[in-house]
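Student: I would like to go through this model with you and ask, for each label attached to it, what the label rests on.

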Amino acid sequence: MSTKDITKFSPKQLEEFLQSFDTVLSDIDGVLWQLNKPIEGASETLTKLQNFGKKVYLVTNNSTISSEHYYKSVECTRLNLPSDHIINTVKLIIWYLKKIDFQGEVLAIVPVRTRKLFKEAGIRLTEQPRVFETDPVATIKEVLDRPSVKAVVFDFDITCNWSMLALAVSCLKRKDVLYITGATDEWLPVGSMTIMGPGPLMNMINTLSGRKPISCGKPSQNLKDYILEKSNNLERCLFIGDTAKQDMKFASMCGCIKLLVGTGLDTLEKTQQEDDTCPDYYLPSLGQLFSVCSDAQYVTNKS
């Protein structure tokens with residue numbers, strides 16, 4: 001397992017690397033942003049790749065910020081991406097439910113803005129369980145199985161509480177209820193720290209319900225199918241990410257060239273522990289891609 005450090009490339013090696021792909025799939029958090037703060041030079045690098053004729057897509061497990069927010073951000077404005085080039089778990093889950101012609105109510109443990117998007121897409125949602133601090137009997141009634149619920153959707157929701165988890169487990173005891181998940185990250189990068197992600201809560205539902213979810217985030221077959229439908233193919237594709245289990249593993253599933261950046265969650269050493277997470281290339285930061293030569297050199301060489 002050999003990973004090449006692009007910062008040590010000669011201009012000729014960089015040219016060969018740039019000519020090895022036509023499409024770029026890039027994660028957002030830890031690659032372009034850290035806590036909504038732009039990573040220096042990262043979006044400019046993607047803009048340069050666009051100028052060289054590369055198609056760029058942003059692929060994120062983060063549904064806490066709407067795709068419209070990304071679309072209107074300075075970074076995305078600079079990229080001038082069409083809205084369907086920003087892919088998140090919300091879009092993917094809606095796409096999946098439409099694809100299978102889902103009928104019935106959904107228990108959605110998702111952010112408020114995601115619930116709004118579900119409703120706009122014609123997906124019927126059950127009411128969230130209420131909690132009565134002075135009436136435990138009433139609270140228990142709220143978390144008993146609801147026959148109208150035909151699917152449980154779990155994505156990262158900072159308002160998730162005991163009653164939501166308990167109701168999800170109750171509904172999933174019925175084998176005919178679909179169980180769909182978005183982000184499954186165990187840890188999330190917060191600047192120089194990491195905090196617990198949605199994964200441990202999802203694992204709690206998995207264990208208590210005895211169910212294995214249908215995944216709609218990185219890495220999943222559904223995400224691969226969605227991207228194939230939207231971009232037609234994954235040949236000659238570069239995937240840029242900062243995590244082993246989500247980004248590098250998904251890139252391997254898709255047969256993409258794997259580029260790890262060191263501005264996010266996982267270290268190079270961690271990603272190199274397994275074949276399907278080991279990156280082909282490494283950069284300390286995406287903004288350093290063109291540090292070995294100028295744009296003019298590449299354009300001249302390319303022509």
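Tutor: Let us start with a definition: a disulfide is a pair of cysteine sulfur atoms within 2.5 Å. Please keep in mind that this is a predicted model.

Student: How do you know that the sulfur of Cys216 is too far from the closest cysteine sulfur for a bond?

Tutor: The closest cysteine sulfur belongs to Cys254 and lies 14 Å away, whereas the cut-off for a disulfide is 2.5 Å, so the sulfur of Cys216 is too far for a bond.

Student: What makes the sulfur of Cys256 too far from that of Cys237 for a bond?

Tutor: The sulfur of Cys237 is the closest cysteine sulfur to that of Cys256, but the distance is 3.7 Å; because a disulfide requires the two sulfur atoms to be within 2.5 Å, this pair is also too far for a bond. The structure holds 0 disulfides.

Student: Why are Cys216 and Cys256 called buried?

Tutor: The term buried is used under 20% relative accessible area. Cys216 has 1% and Cys256 has 7%, and therefore each is called buried.

Student: Why is Thr47 called buried as well, and what does Thr47 touch?

Tutor: The relative accessible area of Thr47 is 16%, so Thr47 counts as buried, the limit being 20%. Thr47 is found in helix H2, residues 42-51, and, if residues up to four places away in sequence are not counted, Thr47 touches Arg78 and Leu79.

Student: Why are H5 and H6 called roughly parallel?

Tutor: Helix H5 (residues 89-99) and helix H6 (residues 112-120) pack at an angle of about 30 degrees, with their axes 11 Å apart. Angles under 35 degrees count as roughly parallel, and H5 and H6 therefore receive that description. Their crossing is right-handed.

Student: Which residues make the contact between H5 and H6?

Tutor: From H5 the contact involves Val90, Ile93 and Ile94, and from H6 it involves Thr114, Leu117 and Phe118. Sorted by class, the contact has 5 nonpolar residues, 1 polar residue and no charged residues.

Student: Which residues of helix H10 are buried, and what do the buried residues pack against?

Tutor: In H10, which covers residues 221-231, the buried residues are Asn222, Leu223, Lys224, Tyr226, Ile227 and Ser231. The buried residues of H10 pack against several elements, including strand S2 (23-26), strand S5 (55-59), H5 and helix H11 (244-254). Just after H10, Asn232 takes a positive phi of about 75 degrees.

How values were computed. Residues numbered from 1 in each chain as written. Predicted model: local features only at pLDDT ≥ 70, side-chain atom pairs only at ≥ 80, totals over all residues. Heavy atoms only, no water. Axes fitted to C-alpha atoms, helices over the stretch in contact; angles between N-to-C directions. Helix = DSSP H or I, 4+ residues; strand = E, 2+ residues; numbered from the N terminus. Parallel < 35°, antiparallel > 145°, perpendicular 65-115°, else oblique. Left-handed = near helix turned anticlockwise from the far one by under 90°. Contact = heavy atoms within 4.5 Å. Nonpolar A, V, L, I, M, F, W, Y, C, P; charged D, E, K, R; others polar. Buried < 20%, exposed > 50% of the residue type's maximum accessible area, 1.4 Å probe, protein only.
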